[in-house]
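Here are my notes on this model, written for someone new to reading structures. Please keep the structure open while going through the points.

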Amino acid sequence: MTDHPPGPPDHESPPDLISPPDPESPPDLGDVPELQDIALTCRRLAELGWSEATGGNLSLRLDGGRFAGRAATTATPTDLPVEVPRLAGRYLLITGSGTRARDIAVDPGAGVGLYRVCEDARSYVWLAGNDHPTSELPSHLAIHDVLERVRPAHTAVVHTHPARLIALTHLPEMRDARTLSDTLLAMQSEARLHLPEGIGYQGFHPPGSLEMGLDSARHLQRRPVLLWHMHGALASGAGPAGALDLLEVVDKAADIYWTLRSSGVAPTGLDEADLRASLSRYGKLDRYLAAFTDDPTDTGAR
Ligand SMILES: [Zn+2]
């Protein structure tokens, strides 16, 4: 016996409640929980004031298994200016051209698009959501192709404009990855634990250019955070929040650096012995010591 009133026989249930998704229908962004991860990170970027106007962009690569059989699209493939062999058949969420971080935080489905890289690894198709990707889509794909090889857990790429980090690139002495890394990551005792390989520095490229993206992909092979000359920062991470974590670590260090300089104090940072003791405790000393070996941007012995 049951107290429940008798319901309609199964065969009378509304078909739209029991039917599985049409296997030929394109993916619905509502089925992609990572969209909320992007929204939360965009909210934080807006709160921090790092993505003024429509500045910055963000992408997240996804495994394709969940969309198997649901990738139907009538969109014409768009050719890529680069080959991304490790991404053939993979999916990418990426922010749209001209979108604001603060708007994506509220309505990510309007500002973020879902794309699939074609099997030829030289073209892509739009599947759902925003269909006007940032002009830097080829650059993002080139970076994701490298990440898939060197740090596959880093599924997200975030580009933004933190003022304190851009200000650092105005200092000639900071236009060098080793000096930048050793100065900035000595400002706080946990900073280097997050980034034992340090921070990259990249000279000027015209904003949005493919050469900027390809150069960034080269730099990100070694270090997950990169400062662009008088432009902004780029980071890879385990999801959008992971990339943002690294950027916030570097920005905190820059905050301390600029506070000291503004007070007339020359920042000296952690003693080398203390830094090495911290890294050793967490098993990261070897990564620190090897960070600039065989690196063409290296400028001297540690
Ligand atoms: Zn930018």
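1. Basis. This is a predicted model, in which local features need pLDDT of at least 70 and side-chain atom pairs count only at pLDDT 80 or more, while totals for chains, interfaces and linings use all residues. Residues are numbered from 1 along each chain as its sequence is written.

2. Whole chain. The chain has 12 helices and 9 strands; these are DSSP runs numbered from the N terminus, helices being H or I of at least four residues and strands E of at least two. Of the 302 residues, 40% are buried (20 or more other C-beta atoms within 10 Å of a residue's own; exposed is 12 or fewer, partly exposed is in between, and C-beta atoms are placed from the backbone). Among contacts between residues at least 6 apart in sequence, 73% join residues at least 24 apart (a contact means C-beta atoms, placed from the backbone, within 7 Å).

3. Sheet. An open sheet of 9 strands runs in the order β2-β5-β4-β3-β1-β6-β9-β8-β7, with mixed pairing (strands pair if DSSP finds at least two bridges between them). β2 (78–79) and β7 (200–202) are at the edges with a single partner strand each, so one side of each has no neighbour in the sheet. β2 pairs with β5 in the antiparallel sense over 2 bridges, and Thr78 stands opposite Tyr124 in β5.

4. Helix pair. How do α2 and α10 lie relative to each other? Their axes come within 8 Å and cross at roughly 25° (axes are lines fitted to C-alpha atoms, for helices over the stretch in contact, and angles run from 0 to 180 degrees between N-to-C directions). The two helices are therefore roughly parallel (an angle under 35 degrees). Asp37, Ile38, Leu40, Thr41 and Arg44 of α2 meet Gly239, Pro240, Ala241 and Leu244 of α10.

5. Two loop residues. Most residues other than glycine have a negative phi. Ala53, in the loop between α2 (34–48) and β1 (57–62), has a positive phi near 50°. Ala53 is exposed, because 9 other C-beta atoms lie within 10 Å. Ala121, in the loop between β4 (112–117) and β5 (123–129), also has a positive phi, near 60°. Ala121 counts as partly exposed, because it has 19 C-beta neighbours inside 10 Å.

Key. Two residues are in contact if their C-beta atoms, placed from the backbone, lie within 7 Å. Angles under 35 degrees count as roughly parallel, over 145 as roughly antiparallel, 65 to 115 as roughly perpendicular and the rest as oblique.
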